[in-house]
Amino acid sequence: MSVEQIHCVKPEQAVLVIEPDLSIWQALSSLLKRYFGLVELARNVEHASALFQRFNFNLCIIELSVVDEFQSLFPDVNQSVNSDTSATQLNKVNDPLQINATVKSPYLAFPQQFIVISPSLKSEDILYAMRKGACDFIAKPIDAVEVNAVISRWLLQRSSVVNTSIVDTLDTQTNSPNSAFSVLIGDSVAIKQVKKTLNIISSTGNALLLEGEVGTGKKLAMSQLQQSLCSPSDLMMIDCRAPSELDAKKIGLYCANTLQTTWLVFNHIAELPMDKQVELLIALDSIKLNGYQHVRLVSMSSTRLFTRVQKGEFLVELYYRLAEFIVALPPLRQRAEDIVMLTKYFINRCLIQHNTDRKALLNDYSKWGVSDFQCLTDYDWPGNIQELKNTIEQCLLLKVAPKDYFQQLPATPNLIGANQVDTPHSSLGQHYLPIDWDLKCIEKAHIIRVIEHYDGNKVLAAEHLGVSRKTVDRKVKEWERD
């Protein structure tokens, strides 16, 4: 990507500027809006911390004088940067967009690399910033040419990450859910395993079968696989629900006329009619006989394909030709700890896409409370990530908090609590709270949740919590006063 191309494209990225001087912010803001869809200002560390709790930022620009104070909010960050490591070595080892790799929490994390802004760029200041992990520098007073050059370098470095070798990808991707390599968002064990498997598979030419419920991100997984490759590739997408798209001769000619890596992607493969299965098997045999080593097969199915084989509805020979590797994408209910991170990501996107209404949208979003995030993590999400995205956009644009949104639904049988055995001491389901909540918020959320589970009966709630009824009453009265 050239500098000219960068100036023409406005990426869907977010940047946070931590700068006490409002005049500096005003000078930076107009320049940064050329490159970033979401540009936020924090005039102090406390404000920056609050913004980190609500948004995902792809880049931070930090005033040199507050770097130490800001880093103190992230206790693990000092373990990630060796004081003897040079900036050049950092650029080789670390991903410039790796926001969340240094801290175990997926919700509040210090950017491993950032841009420093300083009134002077003395050698000792530069060395200090390098040791902290800075990837570039901006001097005060603000010079438009210099800022454009710095941001262009950052974006060029970001775009070059795609061409990194598979070994480098494995070293970073498996440890960093939000690195530049990551199309799949999340830090749960399940999604980390998917990313790791895809990176390993990308170095082979084996046929891949992606299985997962509707909305789990099968197309994103394919993009993740493509992104790991160093060489350019062509893609031929075939929808198996429309058998007319499956033309063996057309597939053969397509593979023969390109020397680049060719992806044959069969979407909804489980719905392919039997006669077309035979035709596809013949086409794949032809590809194999002609020695087209550059052809890569990827199939996607919303149901488990082997069940169709067992029922005699899918050719066993074709199945084993397409399923040399199988990656099962987990439904959202099995990775509920990723919901808060995904919510922040979709909030970012929505604010970027509706930039003219951003102030009003931010004002409504700031009113979301503990119970709203609790509702999002409690819901079973039968439509998975796609349903979560739709819900977040509806809540934000219609000015309805998630708690009110779920109450307005005609029926919510998919809530986790609704599927549990009704016993006085049931587990109330697995629940994930945002990591940035303090103990007071967690206590409040849990007590309210238990009271609601027992339909407002505080005696049963107190028994479940192992406290007295008076304690529950006292807590509720305190929250009412607040």
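# Helix packing, in questions and answers

Trainee: Which helices are included in what covers the buried residues of H18?
Mentor: Among what covers the buried residues of H18 are other helices, with buried meaning under 20% relative accessible area, exposed over 50% and partly exposed in between (1.4 Å probe, protein chains only). Helices (H or I, at least four residues) and strands (E, at least two) are DSSP runs numbered from the N terminus. Covering is judged by contact, which is heavy atoms within 4.5 Å. The cover includes H15, H16, H17 and H19.

Trainee: What kind of model are we looking at?
Mentor: Residues are numbered from 1 along each chain as its sequence is written, and side-chain values use heavy atoms, leaving out hydrogens and water. Local features need pLDDT of at least 70, side-chain atom pairs count only at pLDDT 80 or more, and totals for chains, interfaces and linings use all residues, as this is a predicted model.

Trainee: How many helices and strands does the chain have?
Mentor: Of its 482 residues, 49% are buried. Take the contacts between residues at least 6 apart in sequence: 71% of them join residues at least 24 apart. As for the elements, the chain has 22 helices and 10 strands.

Trainee: Back to H18: how far apart are its end C-alpha atoms?
Mentor: Its buried residues include Asn384, Glu387, Lys389 and Cys395. The expected span of a helix is 1.5 Å times one less than its number of residues. With 14 residues, H18 should span 20 Å, and that agrees with its end C-alpha atoms, which are 20 Å apart.

Trainee: Are H15 and H16 roughly parallel or antiparallel?
Mentor: Axes are lines fitted to C-alpha atoms, for helices over the stretch in contact, and angles run from 0 to 180 degrees between N-to-C directions. Under 35 degrees counts as roughly parallel, over 145 as roughly antiparallel, 65 to 115 as roughly perpendicular and the rest as oblique. H15 (339–353) and H16 (358–365) pack at about 155°, with axes 10 Å apart. That makes the pair roughly antiparallel.

Trainee: Which residues make that contact?
Mentor: Ala, Val, Leu, Ile, Met, Phe, Trp, Tyr, Cys and Pro count as nonpolar, Asp, Glu, Lys and Arg as charged, and the others, Gly among them, as polar. On that scheme, the contact of H15 with H16 has 5 nonpolar, no polar and 2 charged residues. H16 supplies Arg358, Leu361, Leu362 and Tyr365, and H15 supplies Lys344, Ile347 and Leu351.

Trainee: Which residues of H17 does H15 meet?
Mentor: These two helices pack at about 115°, axes 10 Å apart, so H15 is roughly perpendicular to H17. From H15 come Ile339, Val340 and Thr343, and the contact as a whole has 4 nonpolar, 2 polar and no charged residues. On the H17 side, the residues are Phe373, Leu376 and Thr377.

Trainee: Which helices do the buried residues of H20 pack against?
Mentor: H20 covers residues 439–453, and its buried residues are Ala445, Ile447, Arg449, Val450 and Ile451. From first C-alpha to last, this 15-residue helix reaches 21 Å, close to the 21 Å expected. Just after H20, aspartate 455 has a positive phi of about 55°. The partners are H17 (370–378), H21 (458–465) and H22 (469–481).

Trainee: At roughly what angle do H21 and H22 cross?
Mentor: H21 brings Lys458, Val459, Ala462 and Leu465 to the contact, and H22 brings Arg469, Val472, Asp473 and Val476. By class, that gives 5 nonpolar, no polar and 3 charged residues. The two helices are roughly perpendicular. Their axes come within 8 Å and cross at roughly 105°.

Trainee: What is omega for the peptide bond from lysine 140 to proline 141?
Mentor: Most peptide bonds are trans. Proline 141 lies in the loop between strand S5 (134–139) and helix H7 (144–160). The bond from lysine 140 to proline 141 is cis, with omega near -5°.
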